[in-house]
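The entries follow the order in which I looked things up.

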Amino acid sequence: MFWLAVIQQVISDPDIVNNPRRLATYTEIIGEEIRRLNDQVEKVLNISRLEKSQVDLKLDNIDINEVVEQIVHNLSHVDTEKVIKYETDLQSIKCIIHADRVHFTNVVCNIIENATKYSGDEVTIKISTTYQNNSTIIAIKDNGEGIEKKELKKIFEKFYRVPKGDTHNVKGFGLGLFYVKQIAKAHGWKLDV
C-alpha cells in the first residue's frame, strides 16, 4: 500500500508522459501491486481463519530466488522519499519450495515494508537465501533502529506495535507480522528474529 501511494504521486507528474519506458515500468508495477493488494484485502477478511489455522493454501513448487528477484525488481523501480538500497545474495542451491506463491510473496513483502517503514531516510535491505542442514533459509536484514529484546517476543501478536513513546509515527494496524507468523505456521516454516 505504501508503494501504491508513491507510484500514484509519480504518475500524477505531467512529465511522466515524456518518458514512456518509465511509465511502462510503473504500469507493470501497478498491475503487480493491485494483484497483491487484492490478496492483502483477502488476508484481512480471512484473519479469523488464520487464527483458527484454517488457511486455504494453494501449494505449488515455487523458486524462492525467482520470487525474491521479482519483488526486488518491482520495489527498486519505485521512487520514494527514502533512499532504499536492495542487496541480494541468493545462494540457495535448493531454491524450489512447495508453498503458496501469493502468501510467500506477501510474507517477503510484509517484512521488507516493515524494514522500510522503520528505518531512517537511507535504507539498506539485504535479502539472502542459503541451504544449510537440509533447510532453505531466507534472511532479510535492514539497517533500522532495531527492536528491544523484551519486545521481540510480542511482535508477531495480532495488533501489537512496538511502543514509541506517546505516538506512532508509522502507520499500520499491527497485522503484518501476525500474518507472517500465521502463514509460516500454516506452511510448517520456522520463523526467527
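Before reading any helix pair, I noted that axes are lines fitted to C-alpha atoms, for helices over the stretch in contact, and that angles run from 0 to 180 degrees between N-to-C directions. I also noted that the model is a predicted one.

Entry 1, helices H4 and H5. I looked up how the two axes lie and found that those of H4 and H5 come within 11 Å and cross at roughly 50°. This makes H4 oblique to H5, since angles from 65 to 115 degrees would count as roughly perpendicular and those under 35 as roughly parallel. I recorded the crossing of H4 and H5 as right-handed. On the H4 side, the contact is made by Ile 64, Glu 66, Val 67, Ile 71 and Leu 75. On the H5 side, I listed Arg 101, Phe 104, Thr 105, Val 108, Cys 109 and Ile 112. Sorted by class, the contact of H4 with H5 has eight nonpolar residues, one polar and two charged.

Entry 2, the sheet. In what order do the three strands of the open sheet stand? I read the order as S2-S4-S5, with mixed pairing. Strand S2 (83-90) and strand S5 (135-142) are at the edges with a single partner strand each, so one side of each has no neighbour in the sheet. Neighbouring strands of this sheet are turned against each other by 10° on average, direction ignored. I then followed strand S4 (residues 122-132), which pairs with S5 in the antiparallel sense over eight bridges. Within this pairing, I noted Ile 140 in S5 as the bridge partner of Ile 127.

I found H5 and H7 packed at an angle of about 145°, their axes 9 Å apart. Their crossing is left-handed. I counted the contact of H5 with H7 as six nonpolar, six polar and no charged residues.

My search of the whole structure returned one aromatic pair. The ring centres of Phe 104 and Trp 189 are 6.1 Å apart and the planes stand at 85°, so the pair is edge-to-face. Phe 104 lies in helix H5 and Trp 189 in the segment after helix H7 (176-187), so the pair ties together parts 85 residues apart in sequence.

How values were computed
Residues are numbered from 1 along each chain as its sequence is written. This is a predicted model: local features need pLDDT of at least 70, side-chain atom pairs count only at pLDDT 80 or more; totals for chains, interfaces and linings use all residues. Side-chain values use heavy atoms; hydrogens and water are left out. Two strands pair if DSSP finds at least two bridges between them. Helices (H or I, at least four residues) and strands (E, at least two) are DSSP runs, numbered from the N terminus. Angles under 35 degrees count as roughly parallel, over 145 as roughly antiparallel, 65 to 115 as roughly perpendicular and the rest as oblique. A crossing is left-handed if the near helix is turned anticlockwise from the far one by less than a right angle, and right-handed if clockwise. Contact means heavy atoms within 4.5 Å. Ala, Val, Leu, Ile, Met, Phe, Trp, Tyr, Cys and Pro count as nonpolar, Asp, Glu, Lys and Arg as charged, and the others, Gly among them, as polar. Rings of Phe, Tyr and Trp (its six-membered ring) pair if their centres lie within 6.5 Å; planes under 30 degrees apart count as stacked, over 60 as edge-to-face and the rest as tilted.
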